[in-house]
Amino acid sequence: MNYDKGIELTFPEHQFGKVFQRYAGSVARQGCNLSLDARLLLAAIARANNTGHAVFKSGELRQVLSREKPDGTVKPASRSTVYDTLKKLRLAGLALPRGGETCVWLPREFWERGLDKGAMCPVHQTWESGYVSNVDSTMAHESYDAGPMW
């Protein structure tokens with residue numbers, strides 16, 4: 001899909017905005033008719049530590065991406081829906097390949113908090129930030145969860 005419509009947009013270099021993590025998480029959980037990838041990204045932003053690791057309990061992202069059925073009951077998303085949605089974020093450069101349904105790892109180019117170095121990620125066992133521009137091709141197929149990478 002080519003989204004270039006001949007519209008030229010300019011963006012300021014090295015500018016930062018402010019995102020309130022609690023609000024992002026609230027919007028992600030409410031859904032508000034947003035796409036699954038927008039909801040997953042907002043949930044990751046809400047949970048991300050200083051180095052971009054957004055750690056979730058097993059099944060938590062399935063709940064965040066759940067949908068309400070016509071009878072009013074809520075159906076959690078499947079694991080494949082979570083991984084398909086993560087794939088979209090990875091392809092857009094908004095999540096790193098090494099992650100899954102228990103840790104969405106946001107790249108340093110996108111996420112940075114100017115606080116202490118953060119906490120160790122229990123999934124990746126690292127204090128490190130990750131960069132999209134440094135992703136090794138062998139990492140693209142690694143997974144630290146039991147589920148499929150994509």
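Me: Is V27 buried or exposed, and what is its relative accessible area?
Reply: V27 is buried, with a relative accessible area of 15%. Buried means under 20% relative accessible area, exposed means over 50%, and partly exposed lies in between, with a 1.4 Å probe and protein chains only.

Me: What kind of model is this, and which pLDDT limits apply?
Reply: This is a predicted model; local features need pLDDT of at least 70, side-chain atom pairs count only at pLDDT 80 or more, and totals for chains, interfaces and linings use all residues. Residues are numbered from 1 along each chain as its sequence is written, and side-chain values use heavy atoms, with hydrogens and water left out.

Me: What does the protein chain average in pLDDT?
Reply: The average is 77, and 67% of the residues score at least 70. pLDDT is the predictor's confidence in each residue, from 0 to 100.

Me: Where does pLDDT stay under 50?
Reply: Over residues 134-150. The model has 35 contacts beyond four places in sequence for that stretch. Contact means heavy atoms within 4.5 Å.

Me: How many helices and strands does the protein chain have?
Reply: Four helices and four strands. From the N terminus on, the elements run α-α-β-α-β-β-α-β. Helices (H or I, at least four residues) and strands (E, at least two) are DSSP runs, numbered from the N terminus.

Me: Back to V27. Which helix is it in?
Reply: V27 is in helix α1.

Me: What does V27 touch, not counting residues up to four places away in sequence?
Reply: V27 touches C32, L34 and L42. V27 and L42 are 15 residues apart in sequence, and their C-alpha atoms are 7.4 Å apart in space.

Me: Which residues of α1 are buried?
Reply: A24, G25, V27 and A28. Seen down the axis of α1, the buried residues fall within an arc of 165°, so they line one face of the helix. The arc is that of the directions from the helix axis to the C-beta atoms.

Me: Which residues are exposed on the other side of α1?
Reply: R22, Y23 and Q30 are exposed there.

Me: What covers the buried residues of α1?
Reply: The cover includes α2 and α3 (60-64).

Me: And what follows α1?
Reply: G31 does, and its phi is positive, near 85°.

Me: Switching to A46. What does A46 touch, not counting residues up to four places away in sequence?
Reply: A46 touches Q21, A24 and G25. A46 itself is in helix α2. At 25% relative accessibility, A46 counts as partly exposed.

Me: How are the axes of α2 and α4 placed?
Reply: The axes of helix α2 (residues 36-47) and helix α4 (residues 79-91) come within 9 Å and cross at roughly 80°. That makes α2 roughly perpendicular to α4. Angles under 35 degrees count as roughly parallel, over 145 as roughly antiparallel, 65 to 115 as roughly perpendicular and the rest as oblique. Axes are lines fitted to C-alpha atoms, for helices over the stretch in contact, and angles run from 0 to 180 degrees between N-to-C directions.

Me: Which residues make that contact?
Reply: L36, D37, L40 and L41 come from α2, and T81, T85, L86, K88 and L89 from α4. By class, the contact of α2 with α4 has five nonpolar, two polar and two charged residues. Ala, Val, Leu, Ile, Met, Phe, Trp, Tyr, Cys and Pro count as nonpolar, Asp, Glu, Lys and Arg as charged, and the others, Gly among them, as polar.

Me: What about V82, buried or exposed?
Reply: V82 counts as buried, at 0% relative accessibility. V82 lies in helix α4. Not counting residues up to four places away in sequence, V82 touches L61, R62, L65 and E101.
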